[in-house]
Amino acid sequence: TPTHHAFYEALNALEGGHASWALPSGLTACTVPILAFVQHGDHVLVPDSVYWPTRRFCRDTLTRYGVETTFYDPRIGEQGRAAVESLFRPTTRVLFLESPGSLTFEMQDVPLLAEVARARGAVSMIDNTWATPLYCQPLALGVDVSIHAATKYIVGHADANLGAIICNERALPKLRRMAWALGTAAGSEEI
């Protein structure tokens, strides 16, 4: 709807994004981007402090599809580039970040992690819900996909059940295909 498109334009302006989507929930906004970039035999890196439902999705659902997840120390960047690089495998396709981390609020070295992911051929994505676009614009820091449980700060905390994905041009084709393939869309009453 025109309202959806106005919302996408606002998200792009806030985050410096190339394209955006509204999804039915924050969890959907976390899972759709992961699914867009993995297939059987791949590996995903996720911070140990990640939002619990995202952790459950990686632990239970991705495992059923043959995708392995390693939960890493969110402060790994403090140990330097070599420590971050040691997390990656030849099959690592996604580096998921969350800064600050859910409930424990660790701050990750977002530019370093995004840089290593890109050098290793992986896509970086971040759950930016807690920081909000007002305090962090991850795409400007090198991240490919920014994710929000828009239910929280963007729409006023529980006024609507909504998720959002904002991406750069590099991530657009696979994200668009996955969002369309899954048929995930936010309802007209939510935006």
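A contact here means heavy atoms within 4.5 Å. By that rule, residues 24 or more positions apart account for 70% of the contacts in the chain with a separation of 6 or more. The model is predicted. The chain holds seven helices and seven strands. Its radius of gyration is 15 Å, close to the 16 Å that the globule rule gives for 191 residues, so the chain is as compact as a globular protein of that length.

**Overall build**
- Along the sequence, the elements follow the pattern α-β-α-β-α-β-α-β-α-β-α-β-β-α.
- A box of roughly 45 × 35 × 30 Å, taken along the principal axes, holds the C-alpha atoms.
- Of the 191 residues in the chain, 54% are buried.

**Surface and charge**
- The chain carries 15 positive and 19 negative charges.

- Strand S7 spans residues 163-167, and five of its five residues are buried.
- Gly163, Ile165 and Cys167 point one way from S7. Ala164 and Ile166 point the other way.
- Strand S1 (residues 19-23) pairs with S7 in the antiparallel sense, over five bridges. In this pairing, alanine 19 stands opposite cysteine 167.
- S6 also pairs with S7 in the antiparallel sense, here over four bridges. Histidine 148 stands opposite alanine 164 in S7.

**Histidine 148**
- This residue lies in strand S6, which covers residues 145-148.
- Histidine 148 has a relative accessible area of 2%. Buried means under 20%, so histidine 148 counts as buried.
- Neighbours within four places in sequence are left aside in its contact list. Among the contacts of histidine 148 are Leu162, Gly163, Ala164 and Ile166.
- Other contacts of histidine 148 include Asn128, Thr129, Thr132, Pro133 and Ile154.
- Histidine 148 also touches Glu15, Gly26 and Ala29.

**Helix H2**
- H2 runs over residues 26-37. Ten of its twelve residues are buried, so the helix is largely enclosed by the rest of the structure.
- Among the buried residues of H2 are Gly26 and Ala29, and both are in contact with histidine 148.
- The buried residues of H2 also include Thr28, Cys30, Thr31, Val32, Pro33, Ile34, Ala36 and Phe37.

Technical notes. Residues numbered from 1 in each chain as written. Predicted model: local features only at pLDDT ≥ 70, side-chain atom pairs only at ≥ 80, totals over all residues. Heavy atoms only, no water. Helix = DSSP H or I, 4+ residues; strand = E, 2+ residues; numbered from the N terminus. Buried < 20%, exposed > 50% of the residue type's maximum accessible area, 1.4 Å probe, protein only. Pairing = 2+ DSSP bridges. Rg over C-alpha atoms; globule rule 2.2 N^0.38 Å. Lys, Arg positive; Asp, Glu negative; His and termini not counted. Charge placed at Lys NZ, Arg CZ, Asp CG, Glu CD.
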